[in-house]
Amino acid sequence: MRRVAVIDYGMGNLRSVSKALEAVSNQVAVEVTSDPELILSASHIVFPGVGAIRDCISELKRLGLDDVIKEASETKPFLGICLGMQALLTHSEENNGTDGLDIIKGDVKRFEKLVDSDGNKLKVPHMGWNQVHQSDNHPLWRKIEQDSRFYFVHSYYVSPTDNDVVAGTSQYPESFAAALQRDNVFAAQFHPEKSQRAGLQLLENFVNWDGQS
């Protein structure tokens with residue numbers, strides 16, 4: 001049986017993520033944990049998160065999980081969700097500038113002065129359902145239709161140095177990276193655990209993924 005470790009650092013909708021993972025397969029044992037040994041011994045790793053990135057990085061370092069995440073991201077099928085995606089980047093504009101884990105090169109930037117095609121102001125955070133256009137045929141997109149809708153809640157977006165790591169894009173109103181991939185790492189700005197059928201399919205694909213693109 002596969003064992004999925006959901007990283008617990010005090011930030012994130014851990015119950016929703018763990019329940020969604022349990023729902024997609026009866027061949028998966030899900031454990032919410034901050035124990036480095038349990039995380040590194042799991043077959044799959046999920047790094048969720050909501051809130052401010054400064055608090056996220058601070059808690060990861062306090063718990064000694066920053067190095068654990070860096071190691072896990074090199075060896076196991078790894079899924080970052082929302083803030084857990086942004087924390088993988090090199091640097092964020094949030095909180096007057098915060099260094100991330102530098103697992104994926106790039107920056108996290110704030111949505112600024114957004115207007116639609118009619119000149120109407122768009123709200124920040126970007127919140128609600130939006131289409132995601134798949135940039136490649138990554139295994140985690142299996143059985144998910146092109147331009148399916150996923151649920152977003154975020155004021156910042158990722159801007160990777162290498163566009164080849166972009167696995168999916170969305171529009172608000174300009175195109176931004178909604179998903180990233182690099183080797184055994186996949187990360188989503190949206191919340192698959194809140195995205196109904198398409199989100200559950202992505203989580204099912206993840207727990208069946210061997211980490212190969």
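## Nonpolar cores

A nonpolar core is a set of buried Ala, Val, Leu, Ile, Met, Phe, Trp, Tyr and Cys residues joined through side-chain atoms within 4.5 Å. Buried means under 20% relative accessible area, exposed over 50%, and partly exposed in between, with a 1.4 Å probe and protein chains only. This is a predicted model: local features need pLDDT of at least 70, side-chain atom pairs count only at pLDDT 80 or more, and totals for chains, interfaces and linings use all residues. Residues are numbered from 1 along each chain as its sequence is written, and side-chain values use heavy atoms, with hydrogens and water left out.

The largest nonpolar core has 35 residues. Leu21, Val46, Leu79, Trp141, Phe150, Phe186 and Phe190 have the most contacts inside it. Several elements each supply at least two of its residues, among them strand 1 (2–7), helix 1 (14–24), strand 10 (149–154) and helix 6 (196–207). Helices (H or I, at least four residues) and strands (E, at least two) are DSSP runs, numbered from the N terminus. A second, separate core of 34 residues includes Ala5, Ile7, Ala72 and Val166.

Take Leu79. Not counting residues up to four places away in sequence, Leu79 touches Ile45, Val46, Phe47, Leu140, Phe186, Leu203 and Phe206. Contact here means heavy atoms within 4.5 Å.

## A buried lysine

Lys76 sits in the loop between helix 4 (65–75) and strand 4. Lys76 is buried yet has no salt bridge (a side-chain nitrogen of Lys or Arg within 4 Å of a carboxyl oxygen of Asp or Glu). The nearest side chain of opposite charge is Glu71, 7.8 Å away. Lys and Arg count as positive, Asp and Glu as negative; His and the chain ends are not counted.

A polar atom of the Lys76 side chain lies 2.6 Å from the backbone oxygen of Ala42. Beyond its neighbours within four places in sequence, Lys76 contacts Leu40, Ser41, Ala42, Ser43, Ile45 and Asn184.

## Backbone exceptions

Most residues other than glycine have a negative phi, and most peptide bonds are trans. The bond from Val124 to Pro125 is cis, with omega near 15 degrees. Pro125 lies in the loop between strand 7 (104–110) and strand 8 (126–131). The bond from Tyr172 to Pro173 is cis, with omega near -25 degrees. Pro173 lies in the loop between strand 12 (166–171) and strand 13 (175–182).

Asn96 is not a glycine, yet has a positive phi of about 65 degrees. Its loop runs between strand 5 (89–92) and strand 6 (98–99). Asn96 counts as exposed because its relative accessibility is 82%. Asp102, also not a glycine, has a positive phi of about 60 degrees. Asp102 is in the loop between strand 6 and strand 7. At 32% relative accessibility, Asp102 counts as partly exposed.

Technical notes:
Polar contact = N/O pair within 3.5 Å; in protein donor to acceptor, adjacent residues only side chain to side chain.
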